[in-house]
There are 2 protein chains.
Amino acid sequence: MTAATSGLSDRGSYMKVDGKHYRTVWMQDDSVCLIEQNLLPFEFKLFEAASYRDTCTAISTMIVRGAGAIGATAGYAMAQAFIEYGDDAGNIAAARKQIENTRPTAQNLFYAVERVYNAGQQSTQSAIREAQAIADEDADACKRIGELGNDLIEDGQHIETHCNAGWLAFVDYGSALAPIYAAHNSGKQVFVYADETRPRSQGARLTAWELGNENVPHTIIADNAGAHLMSLGKIDMLIVGSDRIAANGDVANKIGTLEKAIAARYYGIPFYVAAPVSTIDFDCASGSAIPIEHRHPDEVLYQSGPNQDGRPEQIRVSSPGSDAINPAFDVTPADLVTAVITDKGIFRPDELITLQS
Amino acid sequence: MTAATSGLSDRGSYMKVDGKHYRTVWMQDDSVCLIEQNLLPFEFKLFEAASYRDTCTAISTMIVRGAGAIGATAGYAMAQAFIEYGDDAGNIAAARKQIENTRPTAQNLFYAVERVYNAGQQSTQSAIREAQAIADEDADACKRIGELGNDLIEDGQHIETHCNAGWLAFVDYGSALAPIYAAHNSGKQVFVYADETRPRSQGARLTAWELGNENVPHTIIADNAGAHLMSLGKIDMLIVGSDRIAANGDVANKIGTLEKAIAARYYGIPFYVAAPVSTIDFDCASGSAIPIEHRHPDEVLYQSGPNQDGRPEQIRVSSPGSDAINPAFDVTPADLVTAVITDKGIFRPDELITLQS
């Protein structure tokens, strides 16, 4: 598959790879096409999932990751199930369950699967159209988040972010990075401290790669360095994404977000969460009801990457006799969040409930 | 060099490797002998530094690391300089400067170098005896820290620690881990959450290895997981070491310590610092006067360890176009420290000044 076949128009000055604009996920015939994020930043390659089963594997193995990208991909997977099973309700329901089991914390996943499932009750074509609409809405929402969030950023500011909530984490634009891209493209000088975000290092790998692609000045830091930089007055604000926001404004996001929010409060630094309204789970009263995914200990005990010859290697970075626990997300209580930048406006966490439709 | 030649008596049930007791550093003839900590936990090997220059390299390349171990090693290095230069004051002074430049944050280093330098004004033999005395005092102080700190630990408690302040970080016993070993050996059930401690992963590599050797139940966590576990009530206390404590009780320790202290305060969890009195720099009024070492960005951008064939590999774990900054320490303000466990007793940070002799 080439970039040309992704069928996307050149949309302007950013979210390009080698001069071409890409979305992170799109549908082509009956296949779901994805940027293979496990290979980034070392290799840019596309992955084609021919069935909803392959698409499920792509989600669970993190070929695609990030709140909005998971949602759109899951929506497409649900559409693929309708393509495969038509009106076979039993198999459709089983496929839905399989898709929902890929990543338990991501609200956008459940949101997208439900919408496509409901649309598919009319026809397979309706399911496909709905999946496409979800992807388009995600891109539009993120674009709007960028425009709104840009107003919060002043020229010359230094912004810390955690994990990757850039365009790779959504269909396009990103959430936490969207305001940064908008500020940068509007001529403001911004500097980004990208937390490496252990154990999977999405900050060091994906956020740094995105920021480099867009020529946004940045540096990678160990997650441990955040509070130290705050104590020195080097951080003006934090912007992070979210995988699920509870109705009371509690925010589930990548493990380590909570530490940053607590440290930001301690130093009186604004802590913003950027997320489309689709990330809010109005059925979830508070953060304690959000299931926290535990991933394999090997993500902590081993690291992967190219060696000096460019050959992919997995190395042990821990004592061979020891085990690890690996919670993938944490919950930041609403009272630590300065505001949530959504596609519908910027809200205090306790105001989000007013967005319930 | 074999374990037998280390000339140390078997001292009981712990700090043993393959059934033999070791110190992390000792002098043999004119050489300084060290456990090669860069190879741990994958290989246990000794390193012999024949001159003070080799010993300086061992400190700066972190063959030896940790507050007390650096101090004792630097003391031995200063003694080696007297062995080499006798009463050549110019070369002695230059050697002192070289030793002091190896690691700028470690108080024990300056403390030990000064003591040996002063003793060496009498004779080279005095310098050697002083270096030996410093190492013995370090071991005794850590043993006492263990006994005193044990009283703070209740049966069944879960303790988080950061970096490695175990026996590998001192001459023997350790500081932060000494109370844990004492509690374990006195029959208390304790469980340790070992922060992996990026970028050099001393927690995942050294603390986990030590705890495994001593059969202390433990698990490795990504540094990002600390506050999450605290929020779930899974951490009863934190104990960390220190590289330098200012006169006002501010504590310099491995980068990331500050985040844990802030999170512990937020959740009302006791945050203890364990350190011998030799770690207190009474000439340093507050933490802002402590120089913070910045290490090479490659420590963040790359990781090293054995691959699946056991061959050492260095891999890139970050976007190739991006840089990193790598502060090695941070300063935890005194008011976040519940108490400091020293060899002279357990003190509130603002009481430490009473220990000034």
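Domain bounds here come from an automatic or database domain assignment. The model shown in every view is predicted.

**View 1. The two domains of chain A.** In chain A, domain 1 covers residues 4–142 and domain 2 covers residues 149–355. The centres of domain 1 and domain 2 of chain A, taken over C-alpha atoms, are separated by 22 Å. Contact between them involves 41 residues of domain 1 of chain A and 40 residues of domain 2 of chain A. About 3400 Å² is buried between these two domains of chain A, and carbon and sulfur atoms give 58% of that area.

**View 2. Polar and charged links between the domains of chain A.** One salt bridge is counted between domain 1 of chain A and domain 2 of chain A. There are 18 residue pairs in polar contact between the two domains of chain A, with both residues at pLDDT 80 or more. On the side of domain 1 of chain A that touches domain 2 of chain A, at least two residues each are supplied by strand S1 (16–17), helix H2 (67–85), H4 and helix H5 (124–150) of chain A. H5(A) gives the most to this side of domain 1, with five residues. By class, the side of domain 1 of chain A that touches domain 2 of chain A has 22 nonpolar, 13 polar and six charged residues.

**View 3. The salt bridge of Arg103(A) and Glu293(A).** Arg103(A) and Glu293(A) form a salt bridge. The closest N and O atoms of this pair are 2.8 Å apart.

**View 4. Surroundings of Arg115(A).** Arg115(A) lies in helix H4 (residues 107–120) of chain A. Its side chain makes a polar contact with the side chain of Tyr111(A), at 2.8 Å. Leaving aside residues up to four places away in sequence, Arg115(A) touches Glu130(A), Ala133(A), Ile134(A) and Glu137(A).

**View 5. The interface of chain A and chain B.** Contact between the chains involves 63 residues of chain A and 63 residues of chain B. The area buried between chain A and chain B is about 4700 Å², with 58% of it given by carbon and sulfur atoms. Within chain A, the residues that lose the most area to chain B are Asn224(A), His228(A) and Glu259(A). Together these three account for 16% of what the chain A side buries.

**View 6. Polar contacts and salt bridges between the chains.** Six salt bridges are found across the interface of chain A and chain B. In a salt bridge between the chains, the side chain of Glu313(A) meets that of Arg311(B), at 3.5 Å from N to O. Between chain A and chain B, 33 residue pairs are in polar contact, both residues being at pLDDT 80 or more. Elements that give two or more residues to the side of chain A that touches chain B include helix H7 (202–213), helix H8 (226–231), helix H9 (257–267) and strand S15 (312–316) of chain A. H9(A) provides the largest share of this side, seven residues. The side of chain A that touches chain B divides into 32 nonpolar, 19 polar and 12 charged residues.

**View 7. Relation of the two copies.** Chain A is superposed on chain B by a rotation of 180° with 0.0 Å of shift along its axis, at an RMSD of 0.0 Å. The two copies are therefore related as by a two-fold rotation axis. The same surface serves both copies, as 100% of the contact residues of chain A recur in chain B.

Methods
Residues numbered from 1 in each chain as written. Chains lettered and ligands numbered in written order. Predicted model: local features only at pLDDT ≥ 70, side-chain atom pairs only at ≥ 80, totals over all residues. Heavy atoms only, no water. Contact = heavy atoms within 4.5 Å. Buried area = accessible area lost by both parts, 1.4 Å probe. Salt bridge = Lys/Arg side-chain N within 4 Å of Asp/Glu carboxyl O. Polar contact = N/O pair within 3.5 Å; in protein donor to acceptor, adjacent residues only side chain to side chain. Helix = DSSP H or I, 4+ residues; strand = E, 2+ residues; numbered from the N terminus. Nonpolar A, V, L, I, M, F, W, Y, C, P; charged D, E, K, R; others polar. Least-squares fit on C-alpha atoms with pLDDT ≥ 70 in both.
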